[in-house]
Amino acid sequence: MEKANSTSGLIRTKSDQLVETIAAALGAMRSSSPVSSGEAAATSGGGLESSGGLSRKSSRRLTAASPGRSGGGGVGKNTHIRKSRSAQMKFDVDDLNSGAALSRASSASLGFSFSFTGFTVPPDEISDMKSYSDEEIPEDLEAGRQKKKLQTEPTLPIYLKFTDVTYKVVLKGITSTVERDILNGITGCVDPGEVLALMGPSGSGKTTLLSLLGGRVRDPTHGGSITYNDQPYSKSLKSRIGFVTQDDVLFPHLTVKETLTYAARLRLPRRLTKEEKDQRATDVIYELGLESCQDTMIGGSFVRGVSGGERKRAGKTVITTIHQPSSRLFLKFDKLILLGKGSLLYFGRASEAMVYFASIGCSPLIAMNPAEFMLDLANGNVTDISVPSELEDKVQLMGNSRAETKNGKPTPAVVQEYLVEAYETKVAENEKKKLRTPLAVDEEIKSKICSSKREWGASWCEQYSILFWRGLKERRHDYFSWLRITQVLATATILGLLWWQSGSNNPNELQDQAGLLFFIAVFWGFFPVFTAIFTFPQERAMLSKERAADMYRLSAYFMARTTSDLPLDLILPVLFLLVVYFMAGLRMNVGSFFLTIVTVFLCIIAAQGLGLAIGATLMDLKRATTLASVTVMTFMLAGGFFVKNVPVFISWLRFLSFNYHTYKLLLKVQYQHISHSINGVKIDNGYKEIGVLVAMVIGYRFLAYLSLRRMKLH
């Protein structure tokens, strides 16, 4: 096992540190993994200073650690997005065995990373692989204590190969369409137990390459070959992929422990009991040094961050994008890919990179961080760098027209062209020949990797239960916010004062009170629609992230998301009616009171369904709000209170209005014993209105579900 202890000072907010650490831990939770750990880095002062000490020790078994990744985005009140210039992606391809937790770096240090782990195999089949030991228990030097050692299982990591990977984007203009090359023939590989760093300036294609390797871009516009143990990408890999983007999506009102526990229950294998999964989550908390803040909400600025960093590898294949690491951290990388404007400038051992560039005539003239030196080259900046004779000759031949700048140095375009040609000439073909050699991997393992069968970490009922309670805990803070409670109670009080004791047994004196009932129907139709509209657009990032990793079935999420709101939706209307009902002097009958509550509740969940359907279909808050405004206004006007004699050709609108059916039911509940017609509305038995509202509850939600199924995950 390999450890990396960051000794740099952490100049970040404590909340950001915690969020990044939790996001990293979640990124590594595989459907089968115990706890996984990764790489940590830190910023110091104004610059970036990453450090770590990776030490290899042989062991008879491969060990790892495994947290999961919970979901999940959007922006807004229901999900929380933490932005940092670092991000990472972690792969675990194993037969429900182990993982490694990646403790992400701050600022621009670490980008994405992912790791691959395979399936348990006999020791003789992995005797040629490098293994790591966890015999030494890592210590948290700042806390002055020992960390708990995690027990894990040996796995066979996956060999990743990629050859001549290309990617293009189509830029559509008003009059023309242009194709832009993002990646140009990138070739490389990474083996079990190795870390491959992707380096390059902004816009060089690092994130695109990493997304392609991680299966996050399933686009026909990319070319080349990407294989996992000589097998192409398949759906079986999808359920074992965790992806932490630069915008970390976490639920802000869940605690550290809740976040990891829910992820463990969803992603760890079904053969583990609930108690065993919870114990794995607890182990991760202690492994990452988060026990002091495990019961603290993730989203608060007061949350204590994780001090220091520790990184472990156990037969994992890790790929990470990194902008400018420290010299110490750079030397810990096994392999390096240097990109420049989508082209490959170097691929090979990180320790041999400086030797290679010296061999083509590019060497630093002053003491330099290797990463800084290579980034300067990738940018075409040869200040304080020796210029090879071939490049000098080229500059002289081309004169002062294009190739030479004022200081006598070649332009960045010329430097990059030279570096690409040098790599193609000296290295590229040999690397491609190595990658053509087939791997000696067992056919059974290949068949498991190629399998299209999904392996869920929990049954449908378990997924529903986990997501239900997670949603209930997350959204209870929104429902019981003082702002919302004050809004409802203040409205109820004003209504009660305006319609103070307006009840009567005379049909001619009930016109005013009928207006109150119509307002109740409108208020509890309008309010839920505009609350529900935000549901799926705000959680889109979380849903996409978790669904891309096959954490749960969409149907389980949808049912849990819509039903977890119901208990909370009932509380505020009850408080509202407790105030209005008795102040306004409505029918003083226990049955009538509870029937009024049921009627209002039917209106709420029908209106919610409309909001969910609009939000899920459009997935754009501006358009959804506009459409909802027009729809709700139309339903209100057709609700049977403002217009009594609606023209025949448009009278069908009132039957689509949940305001209309709710209004009729409220009139029936309150005045059936007095008259058969109130305010021009005929009062019947009410079964038709109940049936229509129930149909709306189901129909609108079914439309929302179909819209979510059509949503693109990437």
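User: Where does Thr208 lie?

Analyst: This is a predicted model. In it, Thr208 sits in helix H2, which covers residues 206-213.

User: Is Thr208 buried, exposed or partly exposed?

Analyst: Start with the cut-offs: under 20% relative accessible area is buried, over 50% is exposed, and in between is partly exposed. Thr208 has a relative accessible area of 22%, so it is partly exposed.

User: Which residues does Thr208 touch, beyond its neighbours in sequence?

Analyst: Leave aside residues within four places in sequence. Thr208 is then in contact with Tyr167, Ile182 and Leu183. Now compare sequence with space. Thr208 and Gly342 are 134 residues apart in sequence, but 9.4 Å apart in space, C-alpha to C-alpha.

User: Where is Asp550, and is it buried or exposed?

Analyst: Asp550 is in the loop between helix H16 (540-548) and H17. Phi of Asp550 is near 50 degrees, again positive in a residue other than glycine. Asp550 has a relative accessible area of 4%, so it counts as buried.

User: How do I describe two packed helices?

Analyst: Use the angle between their axes and the distance between the axes. Take helix H12 (residues 460-479) and helix H17 (residues 554-563). They pack at an angle of about 35 degrees, and their axes are 8 Å apart. The crossing of H12 and H17 is right-handed.

User: Which residues make that contact between H12 and H17?

Analyst: H12 brings Trp460, Gln463, Tyr464, Leu467, Phe468 and Arg475. H17 brings Ser555, Ala556, Tyr557, Met559, Ala560, Arg561 and Thr563. By type, the residues of this contact divide into 8 nonpolar, 3 polar and 2 charged.

User: Which residues touch the most other members of the largest nonpolar core?

Analyst: They are Phe162, Leu336, Phe357, Cys362 and Leu419, in a core of 66 residues. Helix H10 (residues 412-436) gives the most to this core, with 9 residues.

User: What is Cys362 in contact with?

Analyst: Skip neighbours within four places in sequence. Cys362 then contacts Phe357, Phe373, Leu377, Ile385, Ser386, Pro388, Tyr418 and Leu419.

User: Which residues does UniProt annotate as "transmembrane region"?

Analyst: The unreviewed UniProt entry gives residues 482-502, 514-536, 566-584, 590-612, 624-643 and 690-708. Residues 566-584 are 95% helix and 0% strand, with end C-alpha atoms 27 Å apart. Residues 690-708 are 100% helix and 0% strand, and their end C-alpha atoms lie 27 Å apart.

User: Where is Arg654, and is it buried or exposed?

Analyst: Arg654 is in helix H21 (residues 653-656). Arg654 has 15% relative accessibility, and the cut-off is under 20%, so Arg654 counts as buried.

User: What surrounds Arg654?

Analyst: Not counting residues up to four places away in sequence, Arg654 touches Ala638, Val643, Lys644, Val646, Tyr660 and His661. Arg654 and Thr634 are 20 residues apart in sequence and 8.9 Å apart in space, C-alpha to C-alpha.

How values were computed:
Residues numbered from 1 in each chain as written. Predicted model: local features only at pLDDT ≥ 70, side-chain atom pairs only at ≥ 80, totals over all residues. Heavy atoms only, no water. Core = buried A, V, L, I, M, F, W, Y, C linked by side-chain atoms within 4.5 Å. Buried < 20%, exposed > 50% of the residue type's maximum accessible area, 1.4 Å probe, protein only. Helix = DSSP H or I, 4+ residues; strand = E, 2+ residues; numbered from the N terminus. Contact = heavy atoms within 4.5 Å. Axes fitted to C-alpha atoms, helices over the stretch in contact; angles between N-to-C directions. Left-handed = near helix turned anticlockwise from the far one by under 90°. Nonpolar A, V, L, I, M, F, W, Y, C, P; charged D, E, K, R; others polar. UniProt positions renumbered as here; feature names shortened; annotations may be inferred.
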